[in-house]
Structures are given as C-alpha cells and as structure tokens.
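Hi,

Here is the structure I said I'd pass on. Have a look at it first, and then read my notes below.

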Amino acid sequence: MSDIWEEINKKRRKQEEYLAQKLASSLGVPYFSFQIIKPHPSALELLPKELAEKSKTIPFKLEGKKIILTTVDPYNDDFKSVVKDFENKGYKVVWGIISNSSFLEGLDEYQIIKLRKLKIERSLEINPEILKKFEEEITRKEMLQNFCQELLKDNPFFILDVIIAGALKFEASDIHFEPYEKEIKIRYRLDGILYDVLSIPIDIYDMIKNRLKIISGMLLNVTDKPQDGRFSVNYKGENIDFRVSLVPSIYNESFVIRILIFSKIIRGLEDLGLRKDDYKILLNVIFQPNGLILNTGPTGSGKTTTLYAILLKIKKPDIKIITIENPVEYKIEGITQVEIDERKKITFSDALKSFLRHDPDVILVGEIRDPETAKTAIQASLTGHLVLSTLHTNDSLGAIPRLISLKVDPKLIPSALRLIIAQRLVRKICPYCKEIYEPDEETKNKIKNELKEIPQRVDVSKINFQKITLAKGKGCSFCFNTGYKGRIGIFELLLVDERLEEIIYKNPSESEIKELVKDNFVSLRQDGLLKALTHLTTLEEVERITGIF
C-alpha cells in the first residue's frame with residue numbers, strides 16, 4: 001500500500017513541477033527545483049523565516065550584491081514588498097519560480113541551518129597543560145600510556161583530551177574506540193595502519209562516550225542505533241574538524257573518529273608523488289577543454305586528494321567548477337560544491353543531470369557506480385565539459401571493461417575517455433631513522449626482472465642497477481617506532497589513444513588492453529619499485545600494497 005501512495009505522490013510532484021515550469025516560462029523568468037539544488041545558507045540568512053513563510057519566498061543564492069529570490073506566487077503583495085526591500089538595501093534582485101513543495105523544502109532548510117550552526121559551535125577545548133605536556137615531553141607510545149595510567153587514578157575526566165592530543169601529536173588519521181567484554185581498546189590509524197595505543201576500563205568509558213556524544217551533537221539517550229556527529233579542536237592555531245561515527249556493538253557503543261586536517265588532504269598536484277613523465281601526461285590531459293578522467297582504486301587510496309589537487313591546478317576565475325560529493329568534507333574557495341542526499345533519493349545521476357543546466361566547465365562527480373551516472377558522465381564529457389570521477393576497479397586496466405559492464409555504449413568511450421588513473425598509498429620511510437642496505441641477489445634479480453620492460457619515457461638515470469640498494473626505517477620517537485612517517489602515492493596512468501579505439505568496440509579483457517599498451521605503460525608495482533629504489537619507501541611496503549612478486 002505504501003508503494004502505491006509513493007507512486008501517487010511522485011505523480012503529484014511531477015505535475016506540480018510541470019505547472020511551476022509553465023508559469024516561469026510564461027513570465028520569462030527562471031524555474032528552480034529544490035529537489036536537486038538547495039538554497040544557499042548565506043542567502044537564507046538575509047530573510048527571516050517568518051517573512052519567508054508569509055511572502056512565499058525563499059532566497060536562493062547570494063552573489064556579492066546580487067540576490068536570487070524564488071517564489072511560489074509572484075503576484076503576492078508580500079513578495080513584492082520583499083523585492084522592494086532588498087532593492088532599497090542596494091541589492092540587484094533576480095527572481096524565479098518554484099513549486100509549493102520546493103517552497104516547503106526551502107523552509108526546512110532554515111531548521112537545517114540552525115542545526116549546522118549548533119554542530120559547528122560544538123568544540124573540545126583540550127586542557128592547555130595536557131597540550132604542553134605533549135609538546136615538551138611525550139614522544140613515544142609508552143609515555144602516552146603512562147600518562148593515561150596516571151590520569152585514570154587522579155583525574156579520568158581528561159582521558160579524552162589525552163587521547164585526542166595524542167592522535168594529533170602522532171598525526172593519526174583516525175581514532176578507534178573498540179569495546180570488548182572487559183575493556184575498551186583505543187587504537188590510532190597511522191599512515192593507513194592501525195596500532196594499539198591503550199586500554200581503559202568500561203566504567204571510565206561510559207564517561208568518555210557521554211562527553212563525546214555531547215560535543216559531537218549526538219543523542220545521549222539513543223544507544224541502540226548508529227549516529228553521526230562532528231566537533232572541532234583548535235590545535236596550534238588551526239581549527240581541526242573531527243567526524244564521529246557511532247555504531248552499537250554487542251558489548252557497548254563503538255566510536256570511530258576521523259581527523260580532517262585540510263592541509264593534509266588539499267595538496268598541490270606536484271606533491272602527490274607522481275613521476276615527472278606521469279606528471280607531464282596528467283598536465284596535458286587536465287587542461288583539455290573536455291573529456292572524462294577516471295581515478296580508480298579502493299577506499300582510502302587517495303583518489304579524492306588527487307582529484308582535489310587537479311581542481312586546484314586548473315581553477316581560475318574564468319571557468320566554473322562544480323563538484324557533486326557524498327559528503328563534502330573540505331570546502332574549497334571558488335568552487336561550487338554540492339552534497340547529495342540519498343535519504344531524499346537524490347543520487348549522483350540526478351545531481352549531474354541538473355548541474356549540466358548550470359553551464360559548468362568542469363564537473364567532479366564523487367563516484368560512478370550505476371549505469372545512469374556512467375552514461376550521463378560520458379554524455380557530459382562529449383558535450384564540452386571536463387568531467388572527473390572515481391570508479392571502483394583494482395587497476396586502470398579494469399576501468400574500460402567496468403564502463404562496458406555499466407551499459408555504456410563502447411562506441412562512445414574512445415571519444416569521451418581521456419585518461420584512467422589508478423593509485424595506492426604507500427608509507428614513506430622515516431627520514432630520522434632511515435638506513436641503507438644492499439638486498440640479496442634473489443631480490444635484486446626479481447626487481448630487475450619486474451622493471452626490464454619499463455617504458456623509455458621513465459627516467460631511471462638516478463638508479464644504479466649494477467649496485468641496487470634499498471632502505472628501511474629502524475623506528476624512533478619521531479615515527480611512533482614504526483620506521484615510517486607519512487605516505488606517498490604510487491600511480492599507473494592509462495592514456496586512452498587511437499590504439500585502444502578499435503579494441504574497445506570488442507569489449508576487451510584487461511590482459512588484452514595491457515598487451516596493447518605495454519610499451520608505454522607503468523604498473524602500480526613498477527612505480528612502487530622505482531620509489532623503493534630511490535629510498536622513498538620499502539620493498540616490504542610495495543609488496544604489502546601490490547602483492548608478493
């Protein structure tokens with residue numbers, strides 16, 4: 001029965017939007033739909049909700065001293081009064097038509113603004129004495145553990161401060177609170193690997209989790225459902241966001257805190273670890289006016305960082321860039337970023353179709369995972385747009401078969417697709433405890449065999465293949481005794497050229513594509529080995545990421 005009502009409501013909404021479009025067309029003004037595009041908070045804040053409700057008006061967007069208003073009824077005297085009031089304040093007013101349903105959705109956005117403000121204002125003030133202790137004394141995991149043991153006896157309230165300060169000190173990307181029957185384990189993710197840090201009693205954890213819920217805007221009385229929240233911490237003059245995810249487990253509630261440091265994610269294209277030849281290929285492609293660039297790899301492989309770096313490289317005042325993301329984690333000045341809402345059944349495909357009408361030059365689509373999004377992205381790249389997106393395949397060679405499996409017409413792929421990137425993140429050797437060594441002959445021969453067909457475009461002049469050396473980190477206080485500090489990307493770039501056109505029509509396998517492009521193709525493993533030979537990472541790390549060879 002609910003399906004029938006849902007279908008009826010869909011038809012009603014469709015008819016309502018159609019009538020709004022007809023009215024806009026007859027008046028010669030724009031039509032807007034809040035199903036896809038939401039009003040901007042900076043515009044909403046200029047008109048009180050009570051007056052918006054009375055005048056059937058929703059401010060849509062603010063551009064300097066130009067404001068775009070949307071209304072259900074342009075003949076409403078209160079709407080005319082709102083327009084006149086904005087004009088008297090020096091604004092240039094542009095207005096358009098929305099449906100009544102969009103109007104009601106616009107009113108809902110006022111409440112969302114309040115909730116967002118509450119979340120933004122939630123912050124954790126770490127005890128200054130704790131920060132000072134980390135700055136001056138605590139350099140190893142054992143010191144952190146001893147400090148926590150002292151606090152558990154004397155002042156357990158500050159345990160959360162210590163856990164977060166420790167994560168910032170040791171540059172963790174995530175903090176995991178994992179409940180077990182008799183204790184709670186705290187683990188940090190450092191450079192992609194989880195490390196046990198300490199264990200705390202269950203009774204102390206109840207205090208910690210309640211404090212964590214309060215500062216991140218979660219409900220204290222809800223313990224049987226997942227919740228999400230955010231809070232911020234001011235650390236060394238930088239406001240750092242923390243995204244909190246809670247799920248109930250069999251023993252207690254489990255938390256994962258993601259640490260969102262803008263400077264670590266938003267980086268220059270030249271800082272990602274691309275070799276000079278790959279960097280040159282990428283530059284040639286991203287400055288083309290149209291086409292599709294795909295970045296492939298698993299979750300956590302750095303795809304978003306690379307795509308953001310591309311956007312920053314090509315961003316300039318005379319081009320319009322729109323991103324469609326889920327969620328938007330980092331705000332970039334000069335780029336229109338839109339967050340999709342799957343709870344309201346607004347998908348990447350819906351948003352992409354809508355924003356093609358906003359005349360963008362460059363579009364970033366967070367992910368292609370269904371046939372409709374794939375086809376729309378291909379069409380957009382064929383009609384004068386540069387489209388960037390991600391695709392879940394193991395390597396670059398699997399992207400073309402994956403597009404075909406998503407029902408994309410093979411005849412369109414060569415014209416649309418410009419470049420496929422595959423990437424992973426490997427840990428860099430700690431520079432403070434790095435030591436050089438010479439591997440055994442068997443290892444040397446394996447490396448030489450793997451790199452024997454490396455393309456001529458790759459500069460290997462700095463590598464002495466007659467006397468191969470590798471490096472590793474011994475472990476020290478600077479690297480949490482891991483031997484590694486930071487991460488760098490390893491890449492493979494598959495340039496889609498004329499040679500691939502004929503074979504794409506035949507739905508090729510990955511091995512067929514590899515055979516065709518092998519004279520100009522560097523695999524993830526080969527790039528990793530080159531980085532190991534130049535002492536950026538270890539052979540063990542390359543094998544961990546790309547497999548034993």
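Tyr 180 counts as partly exposed because its relative accessibility is 38% (partly exposed lies between buried, under 20% relative accessible area, and exposed, over 50%, with a 1.4 Å probe and protein chains only). You'll find Tyr 180 in the loop between strand S4 (174–179) and strand S5 (184–190); strands are DSSP runs of E, at least two residues, and helices runs of H or I, at least four, numbered from the N terminus.

Before you go further: this is a predicted model, where local features need pLDDT of at least 70 and side-chain atom pairs count only at pLDDT 80 or more, while totals for chains, interfaces and linings use all residues. Residues are numbered from 1 along each chain as its sequence is written, and side-chain values use heavy atoms, leaving out hydrogens and water.

Most residues other than glycine have a negative phi. Lys 56, not a glycine, has a positive phi of about 55°, and His 535 also has a positive one, near 70°. Lys 56 sits in the loop between helix H3 (49–55) and strand S1 (57–63), and His 535 in the loop between helix H20 (524–533) and helix H21 (539–546). Are they buried or exposed? Lys 56 counts as partly exposed, at 29% relative accessibility, whereas His 535 is buried, with a relative accessible area of 18%.

That's what I have so far.

Cheers
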